Amino acid sequence: MERRDFLRVGVVGAAAAAFGGASWHDAFAATAQPGPSPYGPLQAADANGISLPSGFTSRVVARTGQRVTGTSYTWHPAPDGGACFADGAGWIYTSNSEVAITGGVGSIKFDANGTITGAYRTLSATNVNCAGGATPWNTWLSCEEVDRGYVYETDPWGVKAAVRRPAMGRFKHEACAADPDRKAIYLTEDVSDGAFYRFIPTTWGDLSAGRLEVMIGATSATSGPVTWKQVPDPAGGSTATRNQVSGTKRFNGGEGCYYAAGVCWFTTKGDNRVWAYDAVNSSISLTYDDSLVSPGTPPLTGVDNVTRSSTGDLFVAEDGGNMEICIITPNAVVAPFLRINGQNSSEITGPAFSPNGKRLYFSSQRGTSGSSSGGITYEVTGPFRV
């Protein structure tokens, strides 16, 4: 038996023992393998350079340095992590700007028909705002991907002023995901020996105070039980938060994360893995690992931002690779959902579904130019499974 096949058998067996039954299935504990997409194969690139399954179409909704159609807002450079928020019969797509010093967040408003009705800034003058996460009380948490960076809580409507949330820790933030069942927010850290955190607010809905904890577990383990311990100094004043607690489990370049149905999925770019944290049983397993794909070439590399559809499919964006968003189905099949052609010096960021699940938003951070000034934000519509 080849090493790759042996590893896969070990991971799947351990994960099955950890989860069992419906929980095991829902958590994608079996590492995903290539297979046919439920949406079918990709078609030839459309006028926007996007290859999509039959029945789907794309449009450009914003370009860096240009005014968003029908508004006075000039779309920000290097669009990154994003999320959608219901706005009456319409919705808002909120997007970070991953550049130094000016950073921040911008939003686009849509009516019920998908027509753009407004665009504006909701956070300014922050540093390398990479990913983040939405809260159940309809705010967007924007994370700074710099040493001792902050989390900022922002208002997608742009009415309330953004607020810095130092209690959530100062480290090289990437993304976060709210767990309303356990009243916790999970956070990833984008360094090669990073940690996986959770913040437990003193009062749910108020992020001004609370307890920052770090996941504890064997560094090499890819499945099994984990625990949590409090980080003594969330500010990381003299010792980085990831190095304050003995037994901290290490993750190689934490990226996107998304919580739903008792599971927090998160990605690590250093080893091209998608993880599942079963919050009910406090266990982890691998959803996808490109080194466990056998046989053939892994369809998903450069794992980055992740979101989930209402039917349970994960949509994982590539940082590089061949510029695809890949789908991972609940029965552990991984396949391309779309591909951006002719933009090999960019990365895909900010995938998020509209509240009705019928539209998918995402960006090519550097577009065709390969620079932060060339960002393009897209919308895809079609027969999504809802």
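Visitor: Which residue in β13 is the bridge partner of Ala178?

Guide: That's Ile185. Keep in mind that the model is predicted.

Visitor: How do you know that β12 and β13 count as paired?

Guide: Two strands pair if there are at least two bridges between them. Five bridges join β12 to β13 (residues 184-189), so the pair passes that cut-off. The two strands run antiparallel.

Visitor: What is the order of the strands in the open sheet?

Guide: The five strands go β12-β13-β14-β15-β17, with antiparallel pairing.

Visitor: Why do β12 and β17 stand at the edges?

Guide: Each has a single partner strand, so one side of β12 (173-179) and one side of β17 (227-230) have no neighbour in the sheet. As for the angle, neighbouring strands of this sheet are turned by 35° against each other on average, direction ignored.

Visitor: What volume does the largest pocket have?

Guide: About 790 Å³. Of the 39 residues lining this pocket, the closest to its centre are Ala83, Cys84, Ala134, Tyr258 and Thr307.

Visitor: What makes a residue part of the lining?

Guide: A lining residue has an atom within 4 Å of a pocket point. β4 gives the most to the lining, with six residues. The elements that give two or more include β12 from our sheet, along with β8 (129-134) and β18 (254-260).

Visitor: How many residues of each class are in that lining?

Guide: There are 22 nonpolar, 15 polar and two charged residues. Watch out for Gly, which counts as polar here.

Definitions and conventions. Residues numbered from 1 in each chain as written. Predicted model: local features only at pLDDT ≥ 70, side-chain atom pairs only at ≥ 80, totals over all residues. Heavy atoms only, no water. Helix = DSSP H or I, 4+ residues; strand = E, 2+ residues; numbered from the N terminus. Axes fitted to C-alpha atoms, helices over the stretch in contact; angles between N-to-C directions. 1 Å grid on protein atoms, 1.4 Å probe; cavity = no way out; pocket = protein on both sides within 12 Å on 5 of 7 lines; lining within 4 Å. Points joined across faces, edges and corners; volume = space filled by probe spheres on them.
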